[in-house]
Amino acid sequence: DILAADGPFGLAMGMTKEMFKGHLTPVSTGVYMLDTPPKAHPQFEQYVVKISDKTGLCWIKGVGKDIPTNGHGIQLKSEFDDFERKLDERYGSHKRTDFLVSGSLWNDPQYWMRGLQKEDRYLYSVWGKEKNPLPNELLEIGLFAGATTGDNGYLTLEYSFTNKELCDRDVEKQKDVGL
């Protein structure tokens, strides 16, 4: 099995494809589905990682299980708040963004979920960057609320390591090899 590290989901910056011992399924250049990380979280059902040949692992995304909710998004907001608290305990304070695009049709409270589904509404929190340095070579953490339908939501949690910019450039170069 994959050797557990100290970082998120038991992973560490710079891990090579080989270190995942066949647990990766390619999605696109440099992006892979990871069937189970060493320290999976019960709230998440899918994991996506970005790995470049030069920099190794640079980004992790956990995709949460469905959260049945009402049009107001009460249950989803509650799960979001819980995760935000857990991440605050571990990583310090966050910056939350919660807004509705101006002119949106989905501005009534009972259409909160519909607005999220139509990408007229955004709810996310960010840790790191200049606010406070993060452990385990992490640059930034993002928690996002999403909606599949007007009464079904989910959370995603993304971790970017300090090698992310180099990794993105490397992956872009890999995409252009055949030109």
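**Aromatic cluster, cores and strand pairing**

Ring pairs link F9, F44, Y47, F83, Y91 and Y159 into a cluster; rings of Phe, Tyr and Trp (its six-membered ring) pair if their centres lie within 6.5 Å, with planes under 30 degrees apart counted as stacked, over 60 as edge-to-face and the rest as tilted. This is a predicted model, in which local features need pLDDT of at least 70, side-chain atom pairs count only at pLDDT 80 or more, and totals for chains, interfaces and linings use all residues. Residues are numbered from 1 along each chain as its sequence is written, and side-chain values use heavy atoms, with hydrogens and water left out.

Across the whole structure, a search finds eight aromatic pairs. One of them joins F9 and Y159 in an edge-to-face arrangement, 5.7 Å centre to centre with 85° between the planes. This pair connects distant parts of the chain: F9 belongs to the segment before β1 (24-28), Y159 to strand β9, and 150 residues separate them. Helices (H or I, at least four residues) and strands (E, at least two) are DSSP runs, numbered from the N terminus. Both F9 and Y159 are buried, where buried means under 20% relative accessible area, exposed over 50%, and partly exposed in between (1.4 Å probe, protein chains only).

Two lysines sit over aromatic rings. The charged end of K86 is placed over the ring of F83, 4.9 Å from its centre, and K77 lies over the face of W112, 4.6 Å from the ring centre. A charge sits over a ring if NZ of Lys or CZ of Arg is within 6 Å of the ring centre and within 35 degrees of the ring normal.

Next come the nonpolar cores. In soluble globular proteins, nonpolar side chains tend to be buried together. A nonpolar core is a set of buried Ala, Val, Leu, Ile, Met, Phe, Trp, Tyr and Cys residues joined through side-chain atoms within 4.5 Å. The largest core here has 35 residues, and F20, V49, L57 and Y159 have the most contacts inside it. Elements giving two or more residues to this core include β3 (44-52), β4 (56-64), α1 (74-91) and β9 (152-161). A second, separate core of five residues includes V31, C58, W59 and C167.

Contact means heavy atoms within 4.5 Å. Leaving aside neighbours within four places in sequence, F20 is in contact with I2, L11, M15, L34, I51 and L57. F161 lies in strand β9 and is buried, with a relative accessible area of 0%. Beyond four places in sequence, the residues that F161 touches include P8, L11, L57, C58, W59 and L138. F161 and L138 are 23 residues apart in sequence, yet 4.2 Å apart in space, C-alpha to C-alpha.

The strands can be followed by their pairing, which requires that DSSP find at least two bridges between two strands. β1 and β2 run antiparallel, joined by four bridges, and T25 has M33 in β2 as its bridge partner. Their hairpin has two residues between the strands, and G30 takes a positive phi near 80° there. Strand β6 (residues 95-100) is joined to β7 by six bridges, also antiparallel, with R96 opposite S125. β7 also pairs with β8 in the antiparallel sense, over five bridges; there Y124 stands opposite F144.

Why does D170 count as buried? Its relative accessibility is 8%. Apart from neighbours within four places in sequence, D170 is in contact with S52, D53, K54 and T55.
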